[in-house]
Amino acid sequence: MKEMIILIIMFFADPMHSGNDSVSIETFQGKPLVFTDVDKCEKWIWDDLDNLKEYAKTVYPEAVAVKEIQCVYKKGQET
């Protein structure tokens, strides 16, 4: 069964920004955080939205805002 994780994509004001712009959330409190159902993944995002945004800003403090949060298949499991 394919597993999904949460991916947070950041927005940078600098149009010349190059490099990474996203952070994947694969664990929660030391345990794997994976989903096999997109509805459950999206519910997790909505229930924990503020914490997800806050965490992403600690990873990319130079980012202006969170651009998008989505559920994506783990690498190698894309459709």
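Trainee: Hi! What does the secondary structure of the chain come to?
Mentor: Hello! There are 2 helices and 5 strands. Starting at the N terminus, the order is β-β-β-β-α-α-β. Keep in mind that this is a predicted model.

Trainee: And what does the C-alpha trace span along its principal axes?
Mentor: About 40 × 25 × 20 Å. The chain has 79 residues, and 28% of them count as buried.

Trainee: How many bridges link strand 1 and strand 5?
Mentor: Strand 1 (residues 4–11) pairs with strand 5 over 8 bridges, in the antiparallel sense. As an example, phenylalanine 11 has alanine 65 in strand 5 as its bridge partner.

Trainee: New topic: which cysteines does a disulfide join?
Mentor: Cysteine 41 and cysteine 71, with an S to S distance of 2.1 Å. The count for the model is 1 disulfide. Cysteine 41 belongs to helix 1 (residues 38–47) and cysteine 71 to strand 5 (residues 65–73), so the bond ties together parts 30 residues apart in sequence.

Trainee: Are those two cysteines buried or exposed? And why is the disulfide called left-handed?
Mentor: Cysteine 41 and cysteine 71 are both buried. The handedness follows from the torsion about the S-S bond: it is about -105 degrees, so the disulfide is left-handed.

Trainee: Now the core. Which residues touch the most other members?
Mentor: Ile6, Ile8, Met10, Ile45 and Leu52, in the largest nonpolar core, which has 17 residues. Strand 1, strand 2, helix 1, helix 2 (49–59) and strand 5 each give two or more residues to this core. Strand 1 provides the largest share, with 4 residues.

Trainee: What does isoleucine 45 touch, leaving aside residues up to four places away in sequence?
Mentor: Ile6, Leu52, Ile69, Gln70 and Cys71. That last one is also a partner in the disulfide.

Trainee: Last one: what share of contacts with a separation of 6 or more comes from residues 24 or more positions apart?
Mentor: They account for 71% of those contacts in the chain.

Note on methods. Residues numbered from 1 in each chain as written. Predicted model: local features only at pLDDT ≥ 70, side-chain atom pairs only at ≥ 80, totals over all residues. Heavy atoms only, no water. Disulfide = S-S within 2.5 Å. Buried < 20%, exposed > 50% of the residue type's maximum accessible area, 1.4 Å probe, protein only. Pairing = 2+ DSSP bridges. Core = buried A, V, L, I, M, F, W, Y, C linked by side-chain atoms within 4.5 Å. Contact = heavy atoms within 4.5 Å.
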